[in-house]
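Subject: Structure handover

Hello,

Here is the structure I said I would pass on. Please open it alongside this message; my notes follow below.

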Amino acid sequence: MPVNALYRDDFYLSTAEAVVTAIHDDRGIELDQTCFYATSGGQPGDTGFFERADGSKIMLGQTRHGPIKDIIIHVPLEGEAQPILGEKLVLHVDWPRRYRLMRMHTACHLLSVVCQFPITGAAVGEDESRVDFDMSETIDKDEVTARMMALVNENHPVFVQWITDEELAANPGIVKSKNVRPPVGLGRVSLVCIGENSAVDSQPCGGTHVSETQEVGAIHIAKIEKKGKENRRFRIRFGSPTDEA
């Protein structure tokens, strides 16, 4: 059944109460609501644990979508206890991990501001992320790092605006990704906006992000790889370029 995905309206919500609504043959668990982000758009799903009424924990290995985006399935680690239908649980997201992914995902958006080329692929990671661009130009990674860090230090607000699927269809130019379909099908689409009145950037994205660019912290382009005549892969890491030495 459709779940109330609480993270869509509050990226900083790391705990919530929920009721078990379904249990799958592969031990996957559905809830009436969740603060756990499900793997999507290059961002890994959340891990963490469920707390039962007796204080015991059910440790989770992954969170993923079901056949449709409105179904979110929480998968316990091997050997973990199984809840029962109707059981009330307290959800606890692994917050340090989620926050690193939020910072990294926002950093990927900053890179797309600095490098305004069509995006052909992306993957968000805890320690390194990658963004692939449809481009043949040669570009200096230190220059890209400096421009990204300028956006970080200017501390622009980051926020979400919602538009309808129809509004997105009428404005295809706001989609930066060349191959990945925006998060449609829910009736509304989230635009991740950076800067006052979206002055820095605005693009469809269903991932989780920090609320101001300063929270991203020190980041740098560790490597730019040539993946074809017109494809460049940028690798983003936390820290300064000197950390690579």
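With which side chain does the side chain of S112 make a polar contact at 3.0 Å? The partner is the side chain of Q203. Please bear in mind throughout that this is a predicted model.

S112 belongs to helix 1. Its relative accessible area is 3%, so S112 counts as buried, the cut-off being under 20%. Besides Q203, the side chain of S112 also reaches the backbone oxygen of H109, at 2.7 Å.

Helix 1 and the main core

The largest nonpolar core has 32 residues, and those touching the most other members are L111, F133, V144, M148, I219, F234 and I236. At least two residues of this core come from each of helix 1 (95–114), strand 10 (128–133), helix 2 (141–153), strand 12 (188–194), strand 14 (219–226) and strand 15 (232–238). Helix 1 gives the largest share, nine residues.

Not counting residues up to four places away in sequence, F234 touches L111, C115, S129, R130, V131, F133, M135, I139, V144, I221, K223 and I224. Apart from this core lies another one, of 14 residues, which includes A18, F36, L60 and V93.

How the two helices pack

The axes of helix 1 and helix 2 are 9 Å apart, and the helices pack at an angle of about 120 degrees. Helix 1 is therefore oblique to helix 2. Their crossing is right-handed. On the helix 1 side the residues that meet the other helix are A107, L110, L111, V113 and V114; on the helix 2 side they are V144, R147, M148, L151 and V152.

A buried threonine in a loop

T208 sits in the loop between strand 13 (201–204) and strand 14. Is T208 buried or exposed? With a relative accessible area of 0%, T208 is buried, because the cut-off is under 20%.

Leaving aside neighbours within four places in sequence, T208 is in contact with F11, Y37, Q43, R98, L101, M102 and H105. With one of these, Q43, there is a polar contact between side chains, at 2.8 Å. T208 and K227 are 19 residues apart along the chain, and 28 Å separates their C-alpha atoms.

That is what I have for now.

Regards

Methods. Residues are numbered from 1 along each chain as its sequence is written. This is a predicted model: local features need pLDDT of at least 70, side-chain atom pairs count only at pLDDT 80 or more; totals for chains, interfaces and linings use all residues. Side-chain values use heavy atoms; hydrogens and water are left out. A nonpolar core is a set of buried Ala, Val, Leu, Ile, Met, Phe, Trp, Tyr and Cys residues joined through side-chain atoms within 4.5 Å. Buried means under 20% relative accessible area, exposed over 50%, partly exposed in between (1.4 Å probe, protein chains only). Helices (H or I, at least four residues) and strands (E, at least two) are DSSP runs, numbered from the N terminus. Contact means heavy atoms within 4.5 Å. A polar contact is a pair of N or O atoms within 3.5 Å; within protein, one must be able to donate a hydrogen and the other to accept it, and residues adjacent in sequence count only if both atoms are side-chain atoms. Axes are lines fitted to C-alpha atoms, for helices over the stretch in contact, and angles run from 0 to 180 degrees between N-to-C directions. Angles under 35 degrees count as roughly parallel, over 145 as roughly antiparallel, 65 to 115 as roughly perpendicular and the rest as oblique. A crossing is left-handed if the near helix is turned anticlockwise from the far one by less than a right angle, and right-handed if clockwise.
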